[in-house]
Amino acid sequence: MSENKEPLKQRFLDAINCGDLGTLDDYGVTITVKEFKAYFRDINPHYPGAFLRQATIEQGQISATHTQYLFHVRKGVYRVHPAALEKNRLQEILWQHIKNIN
């Protein structure tokens, strides 16, 4: 397996935005630690937990930053802040929500 030189943050956001990683629901995109580890098999197995924790928005805050763009939902589950999603991915979420209402 060749080593990917692109930063993990960029690889993660690319995978989320192209739909390769995460689950789309009415509220956005969720990701589990298990999904993350399966997708990024080329990184140190101890790193996913640290990466996700560091990217988590502090409790009580709602704004994303360039380093914090995940909400911790429950143990092992995170939701991607809408600001980290590209426009086309946000449109998918909106259309799915509209379909579910009708």
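In the predicted model, Arg-74 has Val-77 of β4 as its bridge partner. This pair belongs to the antiparallel pairing of β3 with β4 (residues 77–80), which runs over four bridges. Both strands are part of an open sheet of four strands. The order is β1-β2-β4-β3, and the pairing is antiparallel. β1 (23–25) and β3 (70–74) stand at the edges. Each has a single partner strand, so one side of each lacks a neighbour in the sheet. From one strand to the next, the twist averages 35°.

Helix α1 spans residues 8–17 and is mostly covered. Seven of its ten residues are buried. These are Leu-8, Arg-11, Phe-12, Leu-13, Ala-15, Ile-16 and Asn-17. Just after α1, Gly-19 adopts a positive phi of about 85°.

In soluble globular proteins, nonpolar side chains tend to be buried together. The largest nonpolar core here holds 22 residues. Phe-12, Phe-36, Tyr-69 and Leu-70 touch the most other members. Two or more residues each come from α1, β2 (28–32), α2 (33–39), α3 (47–54) and β4. The largest share, five residues, is that of α1.

Phe-36 illustrates the packing. Leaving aside residues up to four places away in sequence, Phe-36 touches Leu-8, Phe-12, Leu-21, Ile-31, Ile-43, Pro-48, Phe-51 and Leu-52.

Terms used:
Residues are numbered from 1 along each chain as its sequence is written. This is a predicted model: local features need pLDDT of at least 70, side-chain atom pairs count only at pLDDT 80 or more; totals for chains, interfaces and linings use all residues. Side-chain values use heavy atoms; hydrogens and water are left out. Two strands pair if DSSP finds at least two bridges between them. Axes are lines fitted to C-alpha atoms, for helices over the stretch in contact, and angles run from 0 to 180 degrees between N-to-C directions. Buried means under 20% relative accessible area, exposed over 50%, partly exposed in between (1.4 Å probe, protein chains only). A nonpolar core is a set of buried Ala, Val, Leu, Ile, Met, Phe, Trp, Tyr and Cys residues joined through side-chain atoms within 4.5 Å. Contact means heavy atoms within 4.5 Å.
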